Amino acid sequence: MELNTAQAKDRTAAGFTPSPTEPLKHQLLATLAQHRMASTHQLHVLLRPDRSRQSVSERLNELLGERLIDFVVLPQSNRTRVWYLTPKGARLSRDWPALRGRPPYPITSATAASLKTPHTLTVLRTHLAFVADARRRGDEHGPLDWTPEVFHAIGDGERVVADAVLHYTLIDGQQRRKLRAFIEVDRATMSSERLAAKLIEYARLWAYEPQPISRRRQTAGPGWLRWYPVFPRVLFVLTAASRQTLHNRISDLKAMAAHHPLVADLAREVPLGAVVLEDLDEHGPTSDIWTPLTDGEPRPWTEL
């Protein structure tokens, strides 16, 4: 349903749904609520790439003065600031329509922020590569089309936690193709075996059917149908190690997809791929840089 001009102005004045016509301060709060943390540079690229960085910094400093956000300084980074919501900022933004259903994760101290910073910024860096490519191609993928830390039950009281879920709309003339993906960002902080075991968790989610609450109520199929019309593809983004180490980790992912029975079943139905983050930054996600985990030549993520 489209809003007419008067309705759109009313929505903007009320400060609700983020949109290109909304105040930058509102968009900054919504983006930090969605992504947990972001550097000044990342917020500039994400929200106002066509404006000066100073325009973003000024609004951030206003929000800082209102005690809605705070920051930590990255070590050895020429005093790069990384911003996050204060509890006050989290309370203000949690009921905005675009953020409904997102559990608030306010960061209550600079120490907590520092512990989360490396992984959170790397996940957002991955998102920026998709945003830049979508702008170049004319596709739809904006700041809130990337949801970090998504939890899904896989039975036996366990759950799989995706680093992010991506929503992306490919546009080719009048044709619109909606794609979704679970994103796993690997900074080589866990063993290669543990990384590959993430594929087992996604295979369990793919196969998991919740038990009916009563005998009269039958299951409606796999549990993931509650959130997705099609099971999202699974994409691994690797960084923070030598090129050889990263290739070895991708080989282990391929071995898991080939030899684990449940993962092999998943791989026959769901696109699975891996990429090195530095290649993603340099070439963009629709270049031939993704390694299919079921063998084959590198290709765009859209063609896995």
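How do helix 8 and helix 9 lie to each other, roughly parallel or roughly perpendicular? The views below take that up along with a few other spots in this predicted model.

**View 1. Helix 8 meets helix 9.** Here we look at helix 8 (residues 243-259) and helix 9 (residues 261-269), whose axes come within 5 Å and cross at roughly 95 degrees. Since angles of 65 to 115 degrees count as roughly perpendicular, that is the answer for helix 8 and helix 9: roughly perpendicular to each other. On the helix 8 side, the contact uses Met 256, Ala 257, Ala 258 and His 259, and helix 9 brings in Pro 261, Val 263, Ala 264 and Ala 267. Sorted by class, the residues where helix 8 touches helix 9 come out as seven nonpolar, one polar and no charged.

**View 2. Helix 2 crosses helix 4.** The axes of helix 2 and helix 4 come within 10 Å, with a crossing angle of roughly 75 degrees. So helix 2 is roughly perpendicular to helix 4. Look for Leu 24, Lys 25, Leu 28 and Leu 29 on helix 2; their counterparts on helix 4 are Ser 55, Val 56, Arg 59, Leu 60, Glu 62 and Leu 63.

**View 3. Glu 62 and its salt-bridge partners.** Now zoom in on Glu 62, which makes a salt bridge with Lys 25, with the closest N and O atoms 3.6 Å apart. This pair links distant parts of the chain, as Glu 62 sits in helix 4 (residues 53-65) and Lys 25 in helix 2 (residues 24-35), 37 residues apart. Glu 62 also forms a salt bridge with Arg 59, and there the closest N and O atoms are 2.8 Å apart. Glu 62 and Arg 59 share helix 4 and are three residues apart, about one turn of the helix.

Are these side chains buried, exposed or partly exposed? Glu 62 has 33% relative accessibility, so it counts as partly exposed. Lys 25 is partly exposed too, with a relative accessible area of 23%, and Arg 59, at 23% relative accessibility, also counts as partly exposed.

**View 4. Arg 125 and Asp 281.** In this close-up, Arg 125 forms a salt bridge with Asp 281, and the closest N and O atoms are 2.5 Å apart. Arg 125 belongs to helix 6 (residues 110-137) and Asp 281 to helix 10 (residues 277-283), so the pair ties together parts that are 156 residues apart in sequence. Arg 125 is partly exposed at 30% relative accessibility, and Asp 281 is partly exposed at 38%. Across the model, the count of salt bridges comes to 17.

View 5. At the strand 9 end, two bridges join strand 8 (residues 272-276) to strand 9, and the two run antiparallel. Gly 273 has Pro 292 in strand 9 as its bridge partner.

View 6. Strand 4 (residues 146-155) is mostly covered, with seven of its ten residues buried. Eight bridges join strand 4 to strand 5 (residues 158-172), and these strands run antiparallel. To get your bearings, find His 152, which stands opposite Val 160 in strand 5. The hairpin has two residues between the strands, and Asp 156 takes a positive phi near 55 degrees there.

**View 7. Stepping back to the whole protein.** Zoomed out, you can pick out ten helices and nine strands. Of the 304 residues, 46% count as buried. Among contacts with a separation of 6 or more, 59% come from residues 24 or more positions apart.

Notes: Residues numbered from 1 in each chain as written. Predicted model: local features only at pLDDT ≥ 70, side-chain atom pairs only at ≥ 80, totals over all residues. Heavy atoms only, no water. Buried < 20%, exposed > 50% of the residue type's maximum accessible area, 1.4 Å probe, protein only. Helix = DSSP H or I, 4+ residues; strand = E, 2+ residues; numbered from the N terminus. Pairing = 2+ DSSP bridges. Salt bridge = Lys/Arg side-chain N within 4 Å of Asp/Glu carboxyl O. Axes fitted to C-alpha atoms, helices over the stretch in contact; angles between N-to-C directions. Parallel < 35°, antiparallel > 145°, perpendicular 65-115°, else oblique. Contact = heavy atoms within 4.5 Å. Nonpolar A, V, L, I, M, F, W, Y, C, P; charged D, E, K, R; others polar.
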